[in-house]
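Hello,

Here is the structure I promised to pass on to you. Have a look at it first, and then read my notes below.

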Amino acid sequence: MSSKNLFLIGSSHHSVPLEIREKLALSADDTEYIYNFLKESKNISEFLVLNTCNRVELYGVSDKEDIQEEVTQLLSQLHDFDTAFYKRYSFWKRDLEVIRHIFEVASGIDSQIIGENEIFGQVKDAFREATENKTLGSTLNKVFQKSFQAAKWIRSNTSICRGQISIGSICVDLASRIFGSLEENNVLVVGTGEVAEKTLEALQAKGCSMYSVTGRNIEKSRNLANLYNGSVIDFETFQNSLSIFDIIISSTSASGLILSEQSIRKAVLKRKGLPVFLIDLAVPRDVDPKSANLGSVFLYNMDDLSMIANENLKNRQNEVVICKESIQEKATYLWEGMNRISQKKSTPILHEPQEFHA
Amino acid sequence: MEQDKIYLLIATFLFAIGFVYGFYTILRGHKYQGLLLFAFIIGGFAFQTLGLNIRGAKVMSCPLGNLFEIIQFISWSLIMAYIIIRYVLKLQLLELFTTFIASALSFFSFLYPQWDKPYENSLFGGNKWIELHAALAVFSYGIYALMAAVAVMYLIQHYSLKRKLPSKVYNFLPSISSSLEGSYKLLLTALLFYSISAIVGSMYWFQDFESISKLKFTMTIALWAFSISLVFLRKKDVVFGEVFAWLCLLLFNFAILTVLPIDNRSSNKTRDTSGIVELHESSQEAVLNLK
């Protein structure tokens with residue numbers, strides 16, 4: 001099989017609106033069906049299905065020139081779509097373009113949230129699934145193995161993954177810049193909002209283990225505390241023990257301030273210079289903004305966190321151009337190497353650039 | 001140019017190249033290769049040791065006879081302290097700040113050729129205890145310099161957190177808690193060396209107090225008192241955070257100031273046993289003129 005017969009048909013967040021993506025998404029049964037169906041196909045020698053919430057892609061190798069029609073029909077029928085309708089929302093790529101595409105996908109530069117890590121695991125899962133189904137041959141096997149190497153190289157040698165963009169991760173980054181290791185830090189959550197929970201999750205992932213929760217709704221507070229093996233503090237009296245907490249996350253739906261500058265000042269005095277990180281996730285705000293003037297208080301509200309997220313995202317976007325150049329180079333190198341092999345089957349592949357082996 | 005100076009100049013450039021490489025990489029949002037930067041530091045340190053060694057052999061004592069030598073020795077002590085302490089402190093970017101201060105001090109020493117005045121050989125009159133006293137005092141200045149570097153790291157991180165500056169560069173800096181702890185540990189270490197130096201020196205002060213330069217003696221005591229007060233105030237949680245970091249910087253500047261009135265042995269008027277080297281009225285005037 002010549003490597004020149006690589007093809008890719010798919011749809012992704014780039015060109016397909018959410019409501020159509022929902023319809024194009026494959027269930028586990030759909031994927032199984034595709035595997036079983038294409039295994040029988042005499043025109044497709046190798047294939048792999050990549051199915052995530054933002055993309056459905058079918059990678060394959062075929063000698064047949066008009067293979068596009070066959071796979072388009074298969075996928076249209078699967079979704080009960082008209083072929084023309086499916087074509088409108090899908091893309092078709094061949095050969096070098098396919099290699100470049102999967103390198104970009106695995107590296108996270110084609111993701112909706114640029115540089116996210118999840119996609120790398122998803123591509124690996126898809127590769128494992130195809131291996132289990134025995135639908136991979138030497139061509140796709142090589143292309144995907146190289147895409148993992150390229151992704152690792154991109155992640156280690158560019159800034160595409162640097163700078164957090166979710167509120168929880170940004171809070172963890174900031175907390176680390178204040179306290180270093182977070183294992184010894186005492187965390188208080190005021191209110192039980194979803195973002196606060198996500199932030200707790202991110203803090204826990206970073207090693208935080210001492211949590212207390214307080215809120216007007218004692219039941220919700222208890223549930224959240226139980227989730228993280230924390231304790232519950234009475235909402236009426238929690239301000240008396242503010243000084244023992246290093247990180248305070250507030251996300252109540254109260255219409256006024258919950259933490260006044262005076263109560264924070266009192267806590268800060270008791271802490272004898274130890275810093276305190278206040279995360280005000282509530283809108284309207286829970287923490288008096290004047291507290292930020294206290295020397296050892298680091299107060300961040302939703303606007304501040306969003307500003308950091310946007311800045312980090314901008315930095316990642318700037319990095320995309322650099323990543324694409326590297327990927328183009330690597331994809332071309334692989335493509336030419338594969339072609340040389342198919343032309344002179346006995347000739348071993350040339351040494352790849354050193355940097356490729358990340 | 002003499003061989004010792006050539007080596008010292010090579011060391012200065014190696015520190016500077018290391019700093020430029022690290023700083024440029026960080027500015028681009030990447031972490032520099034720690035080993036490469038460390039190689040520049042070790043290379044610079046080797047040349048600096050060689051240069052000071054040749055100079056020491058020439059003057060037949062520890063080369064601390066003029067301002068040029070003292071600044072070079074402080075720069076050498078800073079690197080020495082960094083190499084020893086780096087595993088204890090484990091502070092990110094410490095090597096970068098160390099190369100900056102080391103190269104800045106070293107360049108500064110080359111700024112005025114008149115600072116490298118010749119002086120009589122055997123600076124300490126062959127007395128190894130005075131030599132030890134002087135070497136320990138200057139070594140403690142190196143640790144003060146490292147303390148200042150860590151305090152600067154604290155202040156930059158603190159400023160960026162307070163101002164909510166989004167640049168990813170700040171993520172490379174150590175946390176404010178660890179840099180504050182680091183600067184306190186360095187203050188204790190510097191004070192320890194300075195105190196040992198003062199104890200060794202005091203044996204001679206008692207014997208011949210009249211020959212001691214009063215200005216140098218006062219400054220020595222003032223630096224020691226400043227350091228011990230800062231330790232005490234920190235221990236009692238009276239000063240902390242930003243104020244402590246600024247006081248650390250002030251302390252280092254004061255330590256450097258105590259070095260400035262020092263000049264060479266061109267006069268045979270007195271031998272100063274209160275501080276690092278003797279102080280002459282003429283040299284005080286010279287320093288004032290420079291200012």
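A word on naming before the rest: helices here are DSSP runs of H or I with at least four residues, numbered from the N terminus. In that numbering, helix H6 of chain A covers residues 118-132, and this helix gives the most to the lining of the second largest pocket, with three residues. Please keep in mind throughout that this is a predicted model.

Let me stay with that pocket for a moment. The second largest pocket holds about 440 Å³ of space. Its lining is made up of 19 residues, and the closest to its centre are Ile113(A), Glu116(A), Asn117(A), Glu118(A) and Ile165(A). Sorted by class, the lining of this second pocket comes to five nonpolar, 10 polar and four charged residues.

The largest pocket has a volume of about 740 Å³. Which residues sit closest to the centre of the largest pocket? Out of 37 lining residues, they are Gly273(A), Leu274(A), Pro275(A), Ser177(B) and Leu180(B), so named from both chain A and chain B. Several helices supply at least two residues each to this lining: from chain A there is H11 (261-270), and from chain B there are H3 (67-89), H5 (128-163), H6 (176-207) and H8 (241-259). The biggest contribution is that of H6(B), with eight residues. By class, the lining of the largest pocket divides into 16 nonpolar, 11 polar and 10 charged residues.Now to the place where the two chains meet. There, 29 residues of chain A are in contact with 20 residues of chain B. Together the chains bury about 1,900 Å², and 53% of this is on carbon and sulfur atoms. On the chain A side, the residues that lose the most area to chain B are Arg162(A), Arg177(A) and Phe298(A), which together account for 33% of what that side buries.

What about polar pairing across the interface? Between chain A and chain B there are 12 residue pairs in polar contact, counting those with both residues at pLDDT 80 or more. Three elements of chain A give two or more residues to the side that touches chain B: helix H8 (167-179), strand S10 (297-301) and helix H12 (302-343). H12(A) has the largest share of that side, with seven residues. In terms of class, the side of chain A that touches chain B has 12 nonpolar, 10 polar and seven charged residues.

As for salt bridges, the count between chain A and chain B is one. The side chains of Lys164(B) and Asp304(A) form a salt bridge, with N and O 3.1 Å apart. Side chains of opposite charge can pair when their charged atoms come close.

Over all chains, the structure holds 18 salt bridges.

Asp95(A) is not a glycine, yet has a positive phi of about 50°. Asp95(A) is found in the loop between strand S4 (91-94) and H5 of chain A. Asn229(A), also not a glycine, has a positive phi of about 55°. The position of Asn229(A) is in the loop between helix H10 (218-227) and strand S7 (231-232) of chain A.

Best wishes

Technical notes
Residues numbered from 1 in each chain as written. Chains lettered and ligands numbered in written order. Predicted model: local features only at pLDDT ≥ 70, side-chain atom pairs only at ≥ 80, totals over all residues. Heavy atoms only, no water. Contact = heavy atoms within 4.5 Å. Buried area = accessible area lost by both parts, 1.4 Å probe. Salt bridge = Lys/Arg side-chain N within 4 Å of Asp/Glu carboxyl O. Polar contact = N/O pair within 3.5 Å; in protein donor to acceptor, adjacent residues only side chain to side chain. Nonpolar A, V, L, I, M, F, W, Y, C, P; charged D, E, K, R; others polar. 1 Å grid on protein atoms, 1.4 Å probe; cavity = no way out; pocket = protein on both sides within 12 Å on 5 of 7 lines; lining within 4 Å. Points joined across faces, edges and corners; volume = space filled by probe spheres on them.
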